Amino acid sequence: MSGSHTGGGGHAVVVGAGIAGLAAAHRLLEHGARVTVLEASERVGGKLLPGEIAGARVDLGAESLLARRPEAVGLARAVGLADRLQPPATASAALWTRGALRPMPKGHVMGVPGTAAALAGVLSDEGLARIERDAELPPTEIGDDVAIGEYVAERFGREVVDRLVEPLLGGVYAGDAYRISMRSAVPQLFEAARAHPTLTEAVRAVQAKTAAGRQTGPVFTGVAGGVGTLPLAVADSLRSRGVRILTGTPVTGLSREPGEGWRLVAGGEVLHADAVVVAVPAPAAAGLLRAEAPGAAAELSAVEYASMALITLAYRRDEARLPEGSGFLVPPVEGRGIKASTFASRKWGWIAEENPGLAVVRTSVGRHGETELLHRDDDELVELSRRDLKAATGLAAAPVAARVTRWDDGLPQYPVGHHARVARVRAHLAGLSGLAVCGAAYDGVGVPACIASAYAAADQVQGDLRAVQQLTAHPVQSLHGGAGE
């Protein structure tokens, strides 16, 4: 059977059972393949992790889905979660900046404003005046890519980047805005900036295009019971349709069969496949691809990751007086320990309904290159979070329960040139029919981006390259899902 087509009973193997791998398996089933999913860890779901604290169901990983892309919401509906999709009960976040919690400004594109007035109250008078100078500056040469922080600082001044762009991008990538690729992280703004002489005009063009799209309804949604229940529901759906999902089964070998198929060694078993979708983080993918695609492996080995930790705290509701809104972001320039906090039981109505006596709050710590904090033990991270929460909100009560969830090397970084690296990886793999890659390291780190990447990979091993070509040219923008995402 052709290695570029698994229909009509061909066998497809997906390596990795995070949301990308599960979505790829779902798509391959639709193409008529017989599917096996291999996962090295003991559970499915990757960065989507349901858990509990003080008896309350919560998310211990990502907590929201971008609702204005079709992939995540569509997959949730396809696996029976339609009636559990719930938008945030409140989406009004704040910034903890210049000594106070200030309302999150509106009228910006990932922190880049269309007018200086949009950031009044967040920036100093000098910072607001600096934005106005954009109109007087000659056009900036952007070229093939540029760091969003460097470009925005050149046009609007560093204060915009340090006070707003940095905390918003930091919430998505746990990265450094002065290194993050504008082309990969904020693609709409990158395209507009290449077409307009000033950044102000570029932002307004993006805003006008968004308004013309007339998308209504919430930007984000959650799932009652937690976004972490989505991969479990997908896995249940796959199993019910005959998919083998083997956990605790690391793949230790991937090689071409004589002819067109693939041979995998996993957990002491040898599997033969017509097609393989590799849906694991870049370092693991590099290890698997080294023998057959050394060029792709070398590129993937160079992808950097950031580590972070989420601290989840449960309080007696009558002891936890919190400000209004869903939580707050913290600009790194403030020098605080936490980078964000979500008032989870206020943001998600289902948590409050299931646990009327509890208030659940979560904080996040850790950015790319900042490892000192993450070397502290769990108790220290809880104390650090409590100190910062008290300083920001006045919350002095002791939590009734606390838990720390560490995501070591959890978030791939998208530095300048990331899009070109992804294109090179795919070019190296182009000659290997029936093999494709997907996941957060390629076309966007959000859940819809991972699913879009998975669908494109599943189509690619069928010989349909349209989706993967579209994604390589136009990555999915991963927006910030409110404080603490």
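Helices (H or I, at least four residues) and strands (E, at least two) are taken here as DSSP runs, numbered from the N terminus. On this basis the secondary structure of the protein chain comes to 17 helices and 22 strands. The structure is a predicted model, in which local features need pLDDT of at least 70 and side-chain atom pairs count only at pLDDT 80 or more, whereas totals for chains, interfaces and linings use all residues. Residues are numbered from 1 along each chain as its sequence is written, and side-chain values use heavy atoms, with hydrogens and water left out.

Along the principal axes, the C-alpha atoms fill a box of roughly 70 × 55 × 45 Å. The accessible surface of the protein chain, computed by the Shrake-Rupley method with a 1.4 Å probe, comes to about 18400 Å², of which 51% belongs to carbon and sulfur atoms. Of the 485 residues, 58% are buried, where buried means under 20% relative accessible area, exposed over 50%, and partly exposed in between (1.4 Å probe, protein chains only). Contacts are defined by heavy atoms within 4.5 Å, and among the contacts with a separation of 6 or more, 73% are accounted for by residues 24 or more positions apart. The chain carries 48 positive and 52 negative side chains, and the centres of the two sets lie 3 Å apart; in this count Lys and Arg are positive and Asp and Glu negative, without His and the chain ends, and each charge is placed at NZ of Lys, CZ of Arg, CG of Asp or CD of Glu.

A nonpolar core is a set of buried Ala, Val, Leu, Ile, Met, Phe, Trp, Tyr and Cys residues joined through side-chain atoms within 4.5 Å. The largest such core has 46 residues, of which Val14, Leu28 and Val35 touch the most other members. At least two residues of this core are supplied by each of β1 (11-15), α1 (19-30), β2 (34-38), α2 (70-78), α9 (229-240), β16 (275-278) and α16 (447-460), and α1 gives the most, with eight residues. A second, separate core of 44 residues includes Met104, Val122, Leu169 and Tyr414. Val35, one of the residues named for the largest core, is in contact with Ala12, Val14, Ala25, Leu28, Leu29, Gly242, Val243 and Arg244, when neighbours within four places in sequence are left aside.

Gly16 is found in the loop between β1 and α1 and is buried, with a relative accessible area of 4%. Beyond neighbours within four places in sequence, the contacts of Gly16 are Gly21, Leu22, Val37, Leu38, Glu39, Ala279 and Val280; Gly16 and Val37 are 21 residues apart in sequence and 6.8 Å apart in space, C-alpha to C-alpha. Gly268, by contrast, lies in the loop between β14 (262-266) and β15 (269-273) and is exposed, with a relative accessible area of 80%. The C-alpha atoms of Gly268 and Arg387, 119 residues apart along the chain, are separated by 49 Å.

Thr405, in strand β21 (residues 401-412), counts as buried at 10% relative accessibility and touches Leu49, Leu60, Met308, Ala309 and Leu310, not counting residues up to four places away in sequence. Leu429, in helix α15 (residues 418-429), counts as buried at 2% relative accessibility, and on the same exclusion touches Leu289, Ala293, Ala296, Leu435 and Val437. Between Leu429 and Lys347, which are 82 residues apart in sequence, the C-alpha to C-alpha distance is 43 Å.

Backbone torsions were also examined. Most residues other than glycine have a negative phi. Ala54, however, has a positive phi near 50 degrees; this residue is found in the loop between β3 (50-53) and β4 (56-59) and counts as partly exposed at 43% relative accessibility. Met110, likewise not a glycine, has a positive phi of about 50 degrees and is found in the loop between β9 (108-109) and β10 (112-113), where Met110 counts as buried at 6% relative accessibility.
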